[in-house]
Amino acid sequence: MATEHGAHPGNCEEVFALLSEYLEAALPAGTCQEIEAHLADCPPCIEFLNSLKRTIELCHGCESEERPRPLSGEAREGLLAAYRQALAARREGGGKRGQ
Amino acid sequence: MAPVDATGEADLARRLMAGEPEAFDRFVEVFRTKIFQYSFQMCGHREDAEEVSQETLLKVFENFDQLREPERVRAWVYRIARNACLMKRRKSVFAPAQELSLDEFLPPSGQDGAPRRLEIADWSALPDEEVLRGELRQVIHQAIGELPEIYRAVMLLRDVEELSTAETAEVLGTNEEVVKTRLHRARLAVRRKLDAYLRSRKN
């Protein structure tokens with residue numbers, strides 16, 4: 001099964017391996033054209049592609065509805081103290097280390 | 001809380017770096033929830049996720065002078081959160097390391113060169129957006145939660161949090177090709193769970 005960029009997807013298995021990258025337009029133009037040539041003649045692959053596309057769309061913005069407990073005053077103070085210290089270090093020396 | 005996109009996050013980091021007083025609480029509000037949701041899915045335990053959120057933010061602020069490029073704040077924060085999650089590893093959730101094979105998601109082909117018969121649900125019958133917020137959302141979260149750890153992390157970062165491939169690779173300490181391979185397999189696994197859900201709704 002070909003999975004590399006520049007592969008020549010000619011059958012369902014080869015196309016199947018490349019569908020995510022195809023949907024993200026992350027493949028070379030030639031590979032895209034070969035996938036499209038296959039899809040034009042393969043309704044099952046189109047159906048599968050559409051269901052994969054819908055899966056991705058559904059996941060976008062599907063953050064959990066779980067929320068952390070409210071931040072305690074003590075925890076906030078700890079974070080604020082660390083932030084102020086780092087800010088002071090940044091102002092003094094432009095940062096201790098590189099990123 | 002209004003959602004904040006990548007540009008908004010970078011802007012928030014820029015304001016924080018400039019020492020704008022109101023940026024601190026906003027930054028905490030935005031990232032604390034994101035880190036909590038990511039780590040809850042990764043660790044599987046609310047208490048662990050609460051601790052990871054606090055530990056990550058503390059580390060973020062302690063090392064804030066290291067952040068030079070506000071555009072990289074997302075990848076930087078998630079990388080710290082990911083390491084904090086790894087410290088909470090519980091065998092029941094993280095082990096054993098499991099690889100998903102592409103072949104296991106390939107629909108069965110017809111015999112003797114017969115046309116491939118694809119038995120998939122009718123995706124045009126997907127519930128509308130309102131229902132999505134309930135039942136379907138649960139199915140997606142459960143499907144992602146059941147993925148092996150290395151796939152779950154990629155799926156959460158790329159498709160839920162919508163980090164780029166490069167950012168995801170940076171968070172996970174791997175390369176973009178590995179991210180792409182794992183993402184495709186994770187998507188196939190989640191797609192299969194959604195397909196099974198749609199079939200069960202029909203029956």
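Predicted model: local features only at pLDDT ≥ 70, side-chain atom pairs only at ≥ 80, totals over all residues.

In which hand does α2(B) pass α3(B)? The crossing of α2(B) past α3(B) is right-handed, a term that applies if the near helix is turned clockwise from the far one by less than a right angle, anticlockwise being left-handed. Helices here are DSSP runs of H or I with at least four residues, strands are runs of E with at least two, and both are numbered from the N terminus.

Residues are numbered from 1 along each chain as its sequence is written, and chains are lettered from A and ligands numbered from 1 in the order in which they are written.

Let me return to that helix pair. The axes of α2(B) and α3(B) come within 8 Å of each other and cross at roughly 140°; the axes are lines fitted to C-alpha atoms, for helices over the stretch in contact, and angles run from 0 to 180 degrees between N-to-C directions. Because of that angle, α2(B) is oblique to α3(B). Under 35 degrees counts as roughly parallel, over 145 as roughly antiparallel, 65 to 115 as roughly perpendicular, and the rest as oblique.

The α2(B) residues in this contact include B:F31, B:I35 and B:F40, and those of α3(B) include B:A49, B:V52 and B:L57. Two residues are in contact if their C-beta atoms, placed from the backbone, lie within 7 Å. By class, the contact of α2(B) with α3(B) has nine nonpolar, three polar and four charged residues. In this scheme Ala, Val, Leu, Ile, Met, Phe, Trp, Tyr, Cys and Pro are nonpolar, Asp, Glu, Lys and Arg are charged, and the others, Gly among them, are polar.

The axes of α7(B) and α8(B) come within 9 Å and cross at roughly 140°, so α7(B) is oblique to α8(B). The crossing of α7(B) and α8(B) is right-handed. On the α7(B) side the contact is made by B:A153, B:V154, B:L157 and B:R158, and on the α8(B) side by B:T165, B:T168, B:V171 and B:L172. Those residues of α7(B) and α8(B) divide into five nonpolar, two polar and one charged.

The loop between α7 and α8 of chain B holds B:E162. Phi of B:E162, a residue other than glycine, is positive, near 60°. Most residues other than glycine have a negative phi. B:E162 counts as partly exposed because 15 C-beta neighbours lie inside 10 Å; the buried class needs 20 or more other C-beta atoms within 10 Å, the exposed class has 12 or fewer, and partly exposed is in between, with C-beta atoms placed from the backbone.

Is B:E167, by contrast, buried or exposed? B:E167 is buried, since it has 22 C-beta neighbours inside 10 Å. B:E167 sits in helix α8 of chain B, residues 165-172. Leaving aside residues up to four places away in sequence, B:E167 touches B:R74 and B:A75. The C-alpha atoms of B:E167 and B:R72 are separated by 8.1 Å, although these residues are 95 apart along the chain.

Next, the domains. Chain B is assigned domain 1 (6-91) and domain 2 (96-202), with bounds that come from an automatic or database domain assignment. Eight residues of domain 1 are in contact with 12 residues of domain 2 in chain B. On the domain 1 side, α4(B) gives the most, with five residues. That side of domain 1 comprises four nonpolar, one polar and three charged residues.

Finally, chain A and the interface. Chain A has four helices and zero strands, and 22% of its 99 residues are buried. A:A25 lies in the loop between α1 (12-23) and α2 (29-39) of chain A. A:A25 has a positive phi of about 55° although it is not a glycine, and it counts as exposed because it has 8 C-beta neighbours inside 10 Å.

How many residues of chain B are in contact with chain A? The number is 47, and they meet 40 residues of chain A. The side of chain B that touches chain A divides into 23 nonpolar, 10 polar and 14 charged residues.
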